[in-house]
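Please read this report with the sequence and the structure open.

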Amino acid sequence: MRLDYQGPLPETLGFLLLPRFSMMAFFSAVEPLRIANRIAAQPLFDWTLLSEDGQPVTASNGMTLLADCAIADVHQLPSLAVCSGFGPEQTLSRPLMAWLHRLNQANCVLGGLDTGGFLLAEAGLLEGERVTLHWESLPAFQERFPSIETSDELFELGERRFSCAGGAAAMDMALEVIARRHGSGLAIDVSEQLIHERIRTRSDQQRMSLARRLGIHNRRLVEAISLMERHQELSLPLSEVAHRSGLSLRQLQRLFEQNLGTSPREWYRHLRLERAWHLLIESDMEVMSVGLACGFASGSSFSRAFRTRYGLSPREVRRQHAI
């Protein structure tokens, strides 16, 4: 979604659909553009659906969309959104990588919806850029591409790259593009047609606040949990968590038991195991590396804790979610 587009109308956007793409993210990006055309009573935007071979593509929800053409038939586009979902890197072939590089050289603005950033990063097209993805996928992306700057914003709009967290965030990104191109009045009208009560900015959080998500109101307990969430690879000692939250260790213990029905130690372990689950299904990291990235000192301790929590070994979970 090009920020400096000065070409003729309608502005054409390409959507590359990859197997198991997120239908929610795709429709959230397209529908605001369709409604903008209707309200403006003129074709402001047009879009074309692409697949690698020109064949229909099945989304993660099992629904299938027809493609307008194969990538080999497209040599230039103002903008291209890569639409993917689970296991994004497994859909990146050499012909697709070469095509993305040709579009980049032809001055096409490239972006990703949901996990589309994985493919652009794998193709070497995100160096020096800032990218956001769905919060579940961010840990795996950060482990695989540590040199690429990430954010947990709803979307990122740059001069040559764009990205969004998927889901309804694609709608907010499309509304921002409409506002920049054709005025905030049109964007507001489109938002109201979508029963979207307000246009969220890029800095709105992907997830609910901790207090709302967990139903807790003690400020120091919220800070303690936030510290745990931010320090999962190199776990903080509980004494340090308590100190930095303005609590004694005994107070920390009591707040966890009273509000969450568990101990701080168990809660911290649960967070690390949850992160491990996402890394196992969202990345191709070795199981041992996943354990180390989640603060476990050895493969055996990781496997024991993981099986106790989920009833399956890390390898069994990976096999179940393999494409």
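## Serine 313

Leaving aside neighbours within four places in sequence, serine 313 is in contact with Phe306 and Arg307. Contact means heavy atoms within 4.5 Å. Serine 313 sits in the loop between H13 and helix H14 (314-320). Helices (H or I, at least four residues) and strands (E, at least two) are DSSP runs, numbered from the N terminus. Serine 313 counts as buried because its relative accessibility is 14%. Buried means under 20% relative accessible area, exposed over 50%, and partly exposed in between (1.4 Å probe, protein chains only).

The model is predicted: local features need pLDDT of at least 70, side-chain atom pairs count only at pLDDT 80 or more, and totals for chains, interfaces and linings use all residues. Residues are numbered from 1 along each chain as its sequence is written, and side-chain values use heavy atoms, with hydrogens and water left out.

## Domains

The chain divides into domain 1 (11-194) and domain 2 (211-321). These bounds come from an automatic or database domain assignment. The domain centres, taken over C-alpha atoms, are separated by 32 Å. Ten residues of domain 1 are in contact with nine residues of domain 2.

UniProt, in an unreviewed entry, places the feature "domain: HTH araC/xylS-type" at residues 222-320. UniProt positions follow the numbering used here, feature names are shortened, and annotations may be inferred rather than shown by experiment. Residues 222-320 are 74% helix and 0% strand, and the end C-alpha atoms lie 34 Å apart.

## The sheet

Seven strands form an open sheet with mixed pairing, in the order S5-S2-S1-S6-S7-S11-S10. Two strands pair if DSSP finds at least two bridges between them. Strand S5 (69-70) and strand S10 (155-157) are at the edges; each has a single partner strand, so one side of each lacks a neighbour in the sheet. S1 and S2 run parallel, joined by six bridges. Glutamate 11 has phenylalanine 45 in S2 as its bridge partner. Five of the seven residues of S2 are buried. S6 and strand S7 (residues 109-114) also run parallel, with six bridges. Cysteine 83 stands opposite leucine 113 in S7.

Helices pack on this sheet. Helix H5 (residues 169-182) touches S1, S2, S7, S10 and S11, and its direction makes about 30° with that of S10. H2 lies across strand S1 (11-17), strand S2 (45-51), S6, S7 and strand S11 (161-164), at about 155° to S6. Axes are lines fitted to C-alpha atoms, for helices over the stretch in contact, and angles run from 0 to 180 degrees between N-to-C directions.

## Nonpolar cores

A nonpolar core is a set of buried Ala, Val, Leu, Ile, Met, Phe, Trp, Tyr and Cys residues joined through side-chain atoms within 4.5 Å. The largest has 44 residues; Leu16, Leu50, Leu80, Leu96, Trp99, Leu100 and Phe141 touch the most other members. Elements giving two or more residues include strand S6 (79-84), helix H2 (94-105) and helix H11 (264-282). Both domain 1 and domain 2 contribute residues, so this core lies between them. Another core, of 39 residues, lies apart from it; Ala59, Cys83, Leu154 and Ala170 are among its members.

## Isoleucine 199

Isoleucine 199 lies in the loop between helix H6 (184-193) and helix H7 (210-214). Its relative accessibility is 29%, so isoleucine 199 counts as partly exposed. Not counting residues up to four places away in sequence, isoleucine 199 touches Asp172, Leu175, Ala187, Ile188 and Ser191.
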